[in-house]
Amino acid sequence: MWTKKALHNLIEEKLQNHQLIVVANREPYIHRFAGDQVECIKPASGMTTALDPILQACGGTWVAHGSGNADRHSVDTKNQVRVPPENPSYTLRRVWLTKKQEQGYYYGLANEGLWPLCHVAFTRPTFNPADWEIYREVNQLFAKAVLEDANDKPAFVFIQDYHFALLPRMLKMANPNLIVAQFWHIPWPNREIMRVFPWGEEMLDGLLGNDLLGFHLRHHCQNFLDTVDRAIEAKVDQENSQITCGGKLTVVRPFPISIDYDAHVELAQTAKVENEMARWRLRIGLKDKLLGIGIERLDYTKGIPERLRAIDYFLEHNAEYRERLVFVQIAVPSRAHIPQYQRLDEEVDRITEQINWKWSTDDWRPILLLKEHHNQIEMIALHRLANFCIVSSLHDGMNLVAKEHVASRCDEDGVLILSQFTGTARELTDALLVNPYSMEAMADAIRLALELPESERCKRMQKMRAAVANNNIYRWAGKVFSALVRFDFPEDV
Ligand code: F6P
């Protein structure tokens, strides 16, 4: 089993004098004002939840956009703060962006362009030349911060996601001795889709600055190789999954990401979680009712309207469950300045209102929609209370909520209804796998989830827990770092 300690030892031994610098747009800890106090919160992001334990295990620096309104008050003169607050073990370095930069790079190019382009969720991407200019400028800003931190000393730079497609090349040009890897946390679509991106050549050239480029699935690696093969002058070695461009080699590999399973399980068994479960019971009015849950950012890739319509359909066709089933949907507000997200927000409100109006009785309301941020304890408590959890993404690179559900279920009960269009579906084959576009299939899965015998639920949950326990976040990081320094991966550490 890979543990925090095993990863720590591996890094000590193999990375030796190299410092680790992680770059991600989203910071793992956000400081914000709450009245005249400053509070520190963790954002709703699978990526930060996954990476934070790795940095805690290995030390190093995380370079990110300082997005909290109290972030500037919490850093030193080098824009750094040690985190996590309760047990400082690594450095968070904040990069400041103007509103115009945040608009062009984050909202514009990254989230109105690349996000809908890479997810096949039928939301049309838009590409604005001014945003591409700003995206380039912000990548340069991050390059400057990384180079300052590396200070000409040996370093591994581990870049996260689609916000930084140009950064690898910028870093390599400035300092060829840096070892640079990137993990693309979202799908890489097929080359027909990628063709429409107006600055494809520049983006691919940027990404080929990496020594190692990782995706969740082999299928996404294959799509990337095909895209490069078609779009630019490069030698694509399909057999070894690597590309040579301008004499420089980039190795392309699948690394399915995960969570800190052991820490999650430990937390799930605490009294804090049990107290929170009691609070949820009261808030939901649970008593003898059955509970279904959905937890995610309010994002059109997550299939929230599809899931709510499936619940409506389920109630329509399964009269015996009326007044018995409550569905709690946590939808954390996200990217709210983008029109598609505003429309989704309205749509989710409208559908919820329609369903509740149609089915509610004096003492039952089928849907409880909570558009608010919840901490980890609150979410684990909800996972533990649920009869089933629905993850109905229309397309998702991995989806860590599914893995969190499984890890939360220390009672080995509960059922996961999981979209077959998530990366997670390849690992959690004991979930009830569904096509989220099919209302009927989703309603059937809800019924099955409520009627599976306890022994069957337990058998499935045990298998899924074993899969997540084995493929935990330390294994993911161990594989990435091993591939990076090109030594053999010790399978049985
Ligand atoms: O996993 C994809 C991702 O975009 C992460 O990079 C990000 O932190 C998460 O989803 C949440 O999105 P955002 O950071 O835009 O709130």
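Modeller: Helices (H or I, at least four residues) and strands (E, at least two) are DSSP runs, numbered from the N terminus. This is a predicted model, in which residues are numbered from 1 along each chain as its sequence is written. Local features need pLDDT of at least 70 and side-chain atom pairs pLDDT 80 or more, while totals for chains, interfaces and linings use all residues; side-chain values use heavy atoms, without hydrogens and water.

Biologist: Where does Phe-122 lie, and why does Phe-122 count as exposed?

Modeller: Phe-122 lies in the loop between helix H3 (99–118) and helix H4 (129–150). Buried means under 20% relative accessible area, exposed over 50%, and partly exposed in between (1.4 Å probe, protein chains only); Phe-122 has 69% relative accessibility, so the residue counts as exposed.

Biologist: What makes Glu-133 and Arg-136 a salt bridge, and how are the two residues placed in helix H4?

Modeller: A salt bridge is a side-chain nitrogen of Lys or Arg within 4 Å of a carboxyl oxygen of Asp or Glu, and the side chains of Glu-133 and Arg-136 meet at 3.3 Å, N to O, so the pair qualifies. These residues are three apart in helix H4, which means that about one helical turn separates them. Glu-133, at 46% relative accessibility, counts as partly exposed, and Arg-136 is likewise partly exposed, with a relative accessible area of 26%.

Biologist: Why can Asp-299 and Arg-335 be said to tie together parts of the structure that are apart in sequence?

Modeller: The side chains of Asp-299 and Arg-335 meet in a salt bridge of 3.4 Å, N to O. Asp-299 lies in the loop between strand S13 (290–297) and helix H11 (304–317), whereas Arg-335 lies in the loop between strand S14 (325–332) and helix H12 (339–359), so the pair ties together parts that are 36 residues apart in sequence. Asp-299 and Arg-335 are both buried, and Arg-335 is also one of the residues around the ligand.

Biologist: How many salt bridges does the structure hold, and which residues are linked in a network of them?

Modeller: The structure holds 34 salt bridges, and Arg-93, Lys-144, Glu-148 and Asp-149 are linked in a network.

Biologist: Why is helix H14 described as largely enclosed?

Modeller: Nine of the nine residues of helix H14 (residues 400–408) are buried, so the rest of the structure largely encloses this helix. The buried residues include Leu-400, Lys-403 and Ser-408. At its N-terminal end, Asn-399 caps H14, with a side-chain oxygen 3.1 Å from the backbone nitrogen of Val-401.

How values were computed
A residue is near a molecule or strand if one of its heavy atoms lies within 4 Å of it. A polar contact is a pair of N or O atoms within 3.5 Å; within protein, one must be able to donate a hydrogen and the other to accept it, and residues adjacent in sequence count only if both atoms are side-chain atoms.
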